[in-house]
Every structure is written in C-alpha cells, then in structure tokens.
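Let's take a walk through a protein model, starting with a single spot and then stepping back for the wider view. Have a look at the display before reading on.

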Amino acid sequence: YLNLPMFMVFATLMICGMSNAVNITDGMDGLAGGISGIVCVGLFVMCLVAGDQGFAQYLLVPHVPGAGELAVLAGATAGACLGFLWWNASPARVFMGDTGALSLGGIIGYLAIIVRQEFVVLLMGGVFALEIASVIAQVGFFKATGGKRLLRCAPFHHHLHLGGWPEQQIVARLWIISVILVVVGLASLKVR
C-alpha cells in the first residue's frame, strides 16, 4: 500500500522503534529477555503461516515466499533468549546490555516487516510499546509542566518498583501480560 520511499521510512521507524523499545525495557533481571523470547515464539508461528501459501490464504494474511525459512531465525532467537534467562534470572549473573537489547529489538522489527504483520507484532510486543510510551510521556509531561512528573520514574517497570512491587513480581506479571498479548495477536489472524 505504500510507495518505496514511504515504506523505507516506515520500515526504518519500525526497526529503530522496536530496537529502542526493547532496550528501554531491559532494566530488570529477565524482563527484556523473557518478553523477547515470548514475542519470538509468536513470530515463529507467524513466519510459518506467511511462508505457507495454504495457511496464508486460509488466514487471509500476505503470503511471503521464503518467510517460512525465517521461522528458523525466530525460533533460534526465542531459544537464545531462553538460554540467556538461565543466567539472567534474578539475581542475574549475566547482563544483556545495549548490544543484546538493541539487536533483539532489531530482529523482532525485521521479522515483523518481512511477514507484513507490523501492527500485530506491535500488539504482541505491547509491553515494549508501554515501556517506551511511558518514557515519552514522562519526558513530554516533564517539559510541558516545568518539572512535574507523570510517573514516579520512567520506564514503567521502575514506576511499579518504586510503588512497592518486588522486582520478581513485576517481571513475572509482565511476562504473563506478554503471553496474553501474543495469544491475542495470533488469534487476531483468524478473527480477520
């Protein structure tokens, strides 16, 4: 639906936005790695669906020849996140850092563009969207009101932590929300 220059801008925003959203989310032990693994499992299914002409026609999604091969990338990324969580679970012995978080977000954004399901992936990565939106809202509100805060601290997971929630509880609940969002995102393929 977009011409080439508009698509290039949209794809750049999708990859950069998702990359930065995952990086913003990486603030607690296991948070970004767990959510990325969950979203990549959903992307694994979406790559298989988009790559198979019969499934794509049945679910009314664009058929992308060769997208089934990207299921390997999505599955490997999900597996890498699970392996990483072994060492990153609280208390973490290994940390992701910017290099890991930015690349995970880039992979998620890239796969979303290839299978032509950008908005479904934004829904599945709703926790990432919430986290980056909380930072944008906090900074905007702070500048607009001359120093007042909308949240205790941004991003949102730190707001919850300063509100008295233990770190493990925040991580577990955001994982649960991510699982629900991935299921809703995958179910939306059939609802259409």
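Predicted model: local features only at pLDDT ≥ 70, side-chain atom pairs only at ≥ 80, totals over all residues.

## A serine tucked away

Let's begin with Ser36, which is buried, with a relative accessible area of 0%. (Buried means under 20% relative accessible area, exposed means over 50%, and partly exposed is in between, using a 1.4 Å probe and protein chains only.) Ser36 sits in helix 2. Helices here are DSSP runs of H or I with at least four residues, strands are runs of E with at least two, and both are numbered from the N terminus.

Which residues is Ser36 in contact with, leaving aside its neighbours within four places in sequence? They are Val22, Cys81, Leu104, Ile108 and Phe128, where contact means heavy atoms within 4.5 Å. Ser36 and Ser178 are 142 residues apart along the chain, yet 9.1 Å separates their C-alpha atoms.

Residues are numbered from 1 along each chain as its sequence is written, and side-chain values use heavy atoms, with hydrogens and water left out.

The pLDDT is the predictor's confidence in each residue, on a scale from 0 to 100. The chain averages 95, and 99% of the residues score at least 70. Among the elements, helix 2 (residues 31-51) has the highest mean pLDDT, at 97, and helix 3 (residues 53-59) has the lowest, at 93.

## The big picture

How many helices and strands does the chain have? There are 9 helices and 0 strands. The radius of gyration is 17 Å, close to the 16 Å that the globule rule gives for 192 residues, so the chain is as compact as a globular protein of that length. (That radius is taken over C-alpha atoms, and the rule is 2.2 Å times the number of residues to the power 0.38.) Along its principal axes, the C-alpha trace spans about 50 × 40 × 30 Å.

Of the 192 residues, 40% count as buried. If you take contacts between residues at least 6 apart in sequence, 71% of them join residues at least 24 apart.

## Two cis bonds

Now for some backbone details. A cis peptide bond joins Ser90 and Pro91, with omega at about -5°. Pro91 is in the loop between helix 4 (70-88) and helix 5 (97-114).

The bond from Ala154 to Pro155 is cis too, with omega near 0°. You'll find Pro155 in the loop between helix 7 (126-144) and helix 8 (156-162). Pro155 is also one of the residues touched by Ser134, along with Leu151, Ala154 and Phe156, not counting residues up to four places away in sequence. Ser134 itself belongs to helix 7 and is buried, with a relative accessible area of 6%.

Is Leu60 buried or exposed? Leu60 is exposed, with a relative accessible area of 59%. This residue has a positive phi of about 60° although it is not a glycine, and its place is the loop between helix 3 and helix 4.

Arg116 is not a glycine either, but it has a positive phi of about 60°. Look for Arg116 in the loop between helix 5 and helix 6 (118-124), where it is partly exposed, with a relative accessible area of 45%.
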